[in-house]
Amino acid sequence: MRDLKIGTRLTLGFGFVIVLLLVMSGIGAWRIIDSQQDNQMLNGRLQTSALIQQLARQVSMESSLAQGSLAADPDTLRELKAGIEAADQRIRELLERLTGTAHNTGAGALLRQVAQGRDAYLQTRDLGFKNLDSGNFGEANVFLMQELPTLTTDLLGAIDRVSQQQADSMQRLFDESAQSGQLGMTILGVATLLALLLGPLFAWRVTRSITH
């Protein structure tokens, strides 16, 4: 370094400090971007969980309306069917939105099980209403009061498995985010320590070479 001009030595000193600052800033920017991505993914998982809860509520409500229609008078029956139709529409919308959020094979397979359970439920419910409209109350009772509750339980069980898969996915995201945050803090700590050690050392070397 003694062969270098003073201006060059000062330039090297300031350049070294700037490099340290860039390294520290880069680590900080990396952690911020990584945290933002984790937050976006977590927000998506939370929205999906909310949709799953809404789906379970709609299925339970629709099943209750269907079973209540067996003993309803004509006017009440029309109101119940209108409520069931509205619930059907909402369930279709929720299933479409959930299918759009399925980003892994496991979630997609579980949602297909929900769709299959839903199809079986609708077939049994429609048969029950067909017998009810025809006056076959014995057959309607079998479909609506005996078979339909079992299918509803199976359907809710399939929805619960989707919910559990979503909860597990969120937990993995939390764990990965915590590990990434700890790694980032470790790297930042090491970089800070190196800056505290190398910065003064380099400055001392430059100053000593100039004064010498």
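Visitor: What average pLDDT does the chain have?
Guide: The model is predicted, and the chain averages a pLDDT of 83. Of the residues, 90% score at least 70.

Visitor: Where is confidence lowest, and where is it highest?
Guide: Confidence is lowest in α1, at a mean of 81. It is highest in helix α2, residues 74-101, at 90.

Visitor: Switching to charges. How many salt bridges does the structure hold?
Guide: There are 8 salt bridges in the structure. One of them pairs R118 with E62.

Visitor: How far apart are the closest N and O atoms of R118 and E62?
Guide: They are 2.6 Å apart. R118 lies in helix α3 and E62 in helix α1, so this pair ties together parts 56 residues apart in sequence.

Visitor: Is E62 buried or exposed?
Guide: E62 is buried, because its relative accessible area is 0% and the cut-off for buried is under 20%. R118 also counts as buried, at 6% relative accessibility.

Visitor: Which residue forms a salt bridge with D88?
Guide: D88 pairs with R118, and their closest N and O atoms are 2.7 Å apart. D88 is in helix α2 and R118 is in helix α3, so the bridge ties together parts that are 30 residues apart in sequence. D88 counts as buried, with 9% relative accessibility.

Visitor: What about R90, which residue does its side chain meet in a salt bridge?
Guide: The side chain of R90 meets that of E93, at 3.5 Å from N to O. Both sit in helix α2, 3 residues apart, which means about one helical turn separates them.

Visitor: Are R90 and E93 buried or partly exposed?
Guide: R90 is partly exposed, with a relative accessible area of 24%. E93 is partly exposed too, at 32%.

Visitor: Which residues do salt bridges with shared partners join into one network?
Guide: The network consists of E62, D88, R118, R125 and D126.

Visitor: New topic, N131. Where is it?
Guide: N131 is in helix α3, which covers residues 105-134. With a relative accessible area of 13%, N131 is buried.

Visitor: Which backbone oxygen lies 2.8 Å from its side chain?
Guide: That is the backbone oxygen of L127, and the 2.8 Å runs to a polar atom of the N131 side chain.

Visitor: And what does N131 touch, leaving out residues up to four places away in sequence?
Guide: With those left out, N131 touches N136, E139, A140 and F143.

Visitor: Take L194. Which helix is it in, and is it buried or partly exposed?
Guide: L194 is found in helix α4, residues 137-211. L194 has 44% relative accessibility and therefore counts as partly exposed.

Methods:
Residues are numbered from 1 along each chain as its sequence is written. This is a predicted model: local features need pLDDT of at least 70, side-chain atom pairs count only at pLDDT 80 or more; totals for chains, interfaces and linings use all residues. Side-chain values use heavy atoms; hydrogens and water are left out. Helices (H or I, at least four residues) and strands (E, at least two) are DSSP runs, numbered from the N terminus. Buried means under 20% relative accessible area, exposed over 50%, partly exposed in between (1.4 Å probe, protein chains only). A polar contact is a pair of N or O atoms within 3.5 Å; within protein, one must be able to donate a hydrogen and the other to accept it, and residues adjacent in sequence count only if both atoms are side-chain atoms. Contact means heavy atoms within 4.5 Å. pLDDT is the predictor's confidence in each residue, from 0 to 100. A salt bridge is a side-chain nitrogen of Lys or Arg within 4 Å of a carboxyl oxygen of Asp or Glu.
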